[in-house]
Amino acid sequence: MSKGFAPAKINLTLHVTGRRPDGYHLLDSLVAFASIGDTVSARVADKLSLSVSGPMAAGVPEDSSNLVWRAAEWLGGLRGAVLELEKHLPAASGIGGGSSDAAAAIRLLSELWTVDLPSASETASLGADLPVCLDPRPRRMQGVGERLSDPLVLPPTEIVLVNPGVQVETPAVFRVLDRADNDAMPDDLPAWADETALAEWLHTQRNDLQVPACNLRPEIGEVLTELDLMAPLIARMSGSGATCFALFPDGSGAAETACDKLSRAHPEWWCRAGRLL
Ligand SMILES: C[C@@](CO)(OP(=O)(O)O)[C@H](O)COP(=O)(O)OP(=O)(O)OC[C@H]1O[C@@H](n2ccc(N)nc2=O)[C@H](O)[C@@H]1O
Ligand SMILES: Nc1ncnc2c1ncn2[C@@H]1O[C@H](COP(=O)(O)OP(=O)(O)O)[C@@H](O)[C@H]1O
């Protein structure tokens, strides 16, 4: 089996700047990826099949509604493969698990089937988060997700991801968003000298979905309060939630420590420590 990593997508910022006539929202987001993620394995076969395992597999579909399956069909038509998805990321949690899995499958299958790797914008029909996940490096993401900057350089940074064990469907959060015409990020993003400078700048930016998501699911506010008690460089929600992230100085071990403490205090929460990629 060929094996690929599907890293968690983190929206370090998420500004909602407008709304298209079709209802999709215009975004301006600084997207990064973490060393925490799912794995996708594949080998060529006569027909498509998918199995899902791993600690977060419960409830994740094994049929053609799985984004991995949809991506394989979209890429290969009638070509076949045995696909195995090992779920470590919670589903419907604002860290793009399904999109990152699908992107990993596309990377693997384009090699195995010797078909051209699609361009990022071609993958947008599979989901707004697909383009940025196709080549998972830090980028500014705009439009509804299809406009991507060249890769950015972020300082080495430790990260903790925490999910209170609630699933949040993305459309539900967009539906309760008060206003869609918020400020974009500045035209030119700074070159951050280190993780402290990155976090100081992030404090001047926003996730416009955080307040509506907290109103829908107050558990998210509880996670952010607890993360703030760990003295991070910054704590914020990713995407439409409910997963929140906290950044810590590189090499400090503080992310691991915070993760241990939170896991002990809240065994029902999903907590993982890692690094920004
Ligand atoms: C909000 C973001 C930010 O990165 O992340 P998540 O919270 O999903 O991780 C993404 O834009 C989500 O991307 P993805 O989950 O692929 O979205 P899609 O399947 O294309 O769309 C699901 C639904 O979200 C809403 N949607 C999505 C993207 C967008 N730019 N505007 C929207 O209004 C629409 O209601 C759409 O029907
Ligand atoms: N490979 C997959 N992993 C997780 N969820 C998936 C996958 N394929 C399809 N889904 C479905 O997609 C929805 C969104 O999941 P996900 O991509 O993890 O969330 P988000 O868009 O919040 O980042 C879930 O309701 C789930 O049932």
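**View 1. D129, a buried residue in a predicted model.** D129 counts as buried because 29 C-beta neighbours sit inside 10 Å. Here "buried" takes 20 or more other C-beta atoms within 10 Å of the residue's own, with C-beta atoms placed from the backbone (12 or fewer is exposed, in between is partly exposed). You'll find D129 in the loop between α2 and α3 (130-134); helices (H or I, at least four residues) and strands (E, at least two) are DSSP runs, numbered from the N terminus. Leaving out neighbours within four places in sequence, D129 is in contact with K9, G96, S99 and G145, where contact puts the C-beta atoms, placed from the backbone, within 7 Å.

Two notes on reading these views. This is a predicted model, so local features need pLDDT of at least 70 and side-chain atom pairs count only at pLDDT 80 or more, while totals for chains, interfaces and linings use all residues. Residues are numbered from 1 along each chain as its sequence is written, and chains are lettered from A and ligands numbered from 1 in the order in which they are written.

**View 2. Where the two domains meet.** The domain assignment, which is automatic or from a database, gives domain 1 (2-143) and domain 2 (152-275). Here 28 residues of domain 1 are in contact with 35 residues of domain 2. On the domain 1 side, β3 gives the most, with 7 residues.

**View 3. Around ligand 1.** Of the 19 residues around ligand 1, G127, A128, D129, G239 and S240 come nearest; to be near, a residue needs its C-beta atom, placed from the backbone, within 6 Å. Each of domain 1 and domain 2 supplies at least three residues of this shell.

**View 4. Around ligand 2.** L67, A91, G97, G98 and D101 come nearest among the 19 residues around ligand 2. Helix α2 (97-112) makes the largest share of the shell, 4 residues. Both domains give residues to the shell, so ligand 2 lies between them.

Note on methods. Two residues are in contact if their C-beta atoms, placed from the backbone, lie within 7 Å.
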